[in-house]
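Subject: Structure handover

Hello,

Here is the structure I promised to pass on. Please open it alongside this note, which goes through the findings one by one.

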Amino acid sequence: MARNKRLLLLPGDGIGPEVMAEVRRVMAWFDKRRALGFEVVDGLVGGISYDRHGTPLTDEVMALALEVDAVLFGAVGGPKWDHLDFSVKPERGLLRLRKEMDLFANLRPAVLFEPLIEASTLKPEVVRGLDMMIVRELTGGIYFGTPRGIERLADGSRRGVNTEVYSEAEIERVGRVALELARKRRKLVHSVDKANVMESGVLWREVMTALHKAEYADVELRHMYADNAAMQLVRDPRQFDVMVAGNLFADILSDCAAMLTGSLGMLPSASLGAPDGAGRRRALYEPVHGSAPDIAGQGRANPIAMLMSYAMMLRYSFDLADEADLVERAITGVLDGGLRTADIMQPGKARVSTEVMGEAVVSELDKLAA
Ligand code: NAD
């Protein structure tokens with residue numbers, strides 16, 4: 001079915017290859033049971049690429065990333081490479097991918113798995129059933145705006161400057177991603193800004209309102225100030241479906257939303273670029289966590305964030321919502337059955353390795369498909 005679709009797998013460093021191995025296991029299941037085989041290309045990124053080629057990302061791998069239908073990324077970095085110059089540090093590989101693929105929309109879901117409800121810092125009755133998506137503008141805003149820097153003033157003291165800048169085109173393209181996503185979900189978008197004190201926020205609100213009116217009348221659009229959004233996220237997070245904001249606000253809000261659901265080992269993400277003429281979007285899917293050098297090589301990594309990233313790929317790059325649902329239901333089933341990796345361990349549950357968790361997800365897929 002998807003044989004003509006090409007995937008680039010970049011496991012990277014530390015626990016990256018360990019969690020990617022479990023994705024390969026689930027991919028093999030879909031290939032065998034659902035004839036859903038992708039053409040898979042493997043590549044190096046991060047420290048392992050530096051060791052082999054003297055760079056965290058070769059031009060060949062970069063070119064492949066631009067050619068394929070989607071990229072699955074593990075994690076990069078580790079103490080072995082900490083002494084390297086900034087220009088060749090493992091993390092530069094990921095930054096180059098994001099930049100050259102022009103991945104301007106970062107999608108971070110916050111979904112509560114019922115069996116892990118106790119892991120949330122909020123009360124069960126506040127977070128039960130939470131299922132929201134934060135869309136972060138990733139390539140603009142105050143992290144990139146100019147003028148920027150630290151300057152010396154006439155009196156000898158120093159001043160730090162950063163500039164929040166958004167063009168209409170930048171706001172519109174990320175707003176469109178959020179509105180399109182909402183169409184496939186509960187049809188509600190909260191657009192977050194500080195239009196009360198920032199001109200860039202006034203423009204953000206105007207562009208979102210105009211886009212909504214012109215093309216997305218079937219979706220409800222609400223505006224919210226960023227400070228209120230932070231408060232509402234911990235007060236009543238279930239009021240949200242899709243939230244969209246600029247780079248800075250969404251950076252903070254997405255970390256806050258993520259922690260509502262418990263562990264780092266459970267959080268996937270997607271980064272999307274603009275669609276090309278044929279409607280194909282550049283896309284990179286990766287867990288939120290890093291390479292976890294403290295547990296690498298010990299079979300202790302939780303593969304669920306990586307598996308959920310794979311499910312996001314099925315849903316957003318290939319429109320395979322049923323298959324994505326199946327992966328998510330299999331994960332819930334395994335957690336319901338009481339299996340836990342060390343990071344999400346709870347009293348009375350069975351602690352298992354990365355590999356056993358991956359095998360259990362495949363067994364659960366077998367059960368669900370029977
Ligand atoms: P980290 O996410 O790697 O680890 C933070 C803590 O969470 C550690 O205790 C780790 O054991 C635990 N953890 C993370 N993922 C887990 C999983 N799947 N299962 C179980 N436990 C998990 O962050 P860090 O320690 O700050 O960074 C380690 C290295 O990773 C650094 O070199 C950093 O630069 C890099 N990093 C890479 C990325 C990326 O590749 N996107 C992101 C963040 C950090």
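A cavity here is a set of grid points where a 1.4 Å probe fits but cannot get out, and its lining residues have an atom within 4 Å of a point. Please keep in mind that this is a predicted model.

**Cavities**

The count comes to two cavities of 30 Å³ or more. The largest cavity holds about 70 Å³ of space. Its lining is made up of Glu-164, Tyr-166, Val-192, Asp-193, Lys-194, Met-198, Ser-200, Gly-201, Trp-204, Gly-246 and Phe-249. Strand 8 (188-193) and helix 7 (199-215) are the elements that give two or more residues to this lining. Helix 7 gives the most, with three residues. By class, the lining of the largest cavity has five nonpolar, three polar and three charged residues.

The second largest cavity has a volume of about 50 Å³. Around it sit Pro-109, Ala-110, Val-111, Phe-113, Thr-261, Met-266, Leu-267, Pro-268 and Met-308. Strand 4 (residues 105-111) gives the most to this lining, with three residues. Here the classes are eight nonpolar, one polar and no charged.

**Ser-309**

Pro-268, one of the residues lining the second largest cavity, is also in contact with Ser-309. Ser-309 belongs to helix 10. Is Ser-309 buried or exposed? Its relative accessible area is 0%, and buried means under 20%, so Ser-309 is buried.

**Helix 11**

Helix 11 covers residues 321-336, which is 16 residues. How far apart are its end C-alpha atoms? They are 22 Å apart. At 1.5 Å a residue the helix should span 22 Å, so the two values agree.

The buried residues of helix 11 are Glu-323, Ala-324, Leu-326, Val-327, Ala-330, Ile-331, Gly-333, Val-334 and Leu-335. An α-helix has 3.6 residues a turn, so residues three or four places apart point the same way. Look for that spacing when you turn the helix on screen.

What do the buried residues of helix 11 pack against? Their partners are helix 1 (16-34), helix 10 (304-316), strand 13 (339-340) and helix 12 (354-369). Helix 10 is also where Ser-309 is placed. After helix 11 comes Gly-338, with a positive phi near 100°.

Best wishes

Key
Residues numbered from 1 in each chain as written. Predicted model: local features only at pLDDT ≥ 70, side-chain atom pairs only at ≥ 80, totals over all residues. Heavy atoms only, no water. Helix = DSSP H or I, 4+ residues; strand = E, 2+ residues; numbered from the N terminus. Expected span 1.5 Å × (residues − 1). Buried < 20%, exposed > 50% of the residue type's maximum accessible area, 1.4 Å probe, protein only. Contact = heavy atoms within 4.5 Å. 1 Å grid on protein atoms, 1.4 Å probe; cavity = no way out; pocket = protein on both sides within 12 Å on 5 of 7 lines; lining within 4 Å. Points joined across faces, edges and corners; volume = space filled by probe spheres on them. Nonpolar A, V, L, I, M, F, W, Y, C, P; charged D, E, K, R; others polar.
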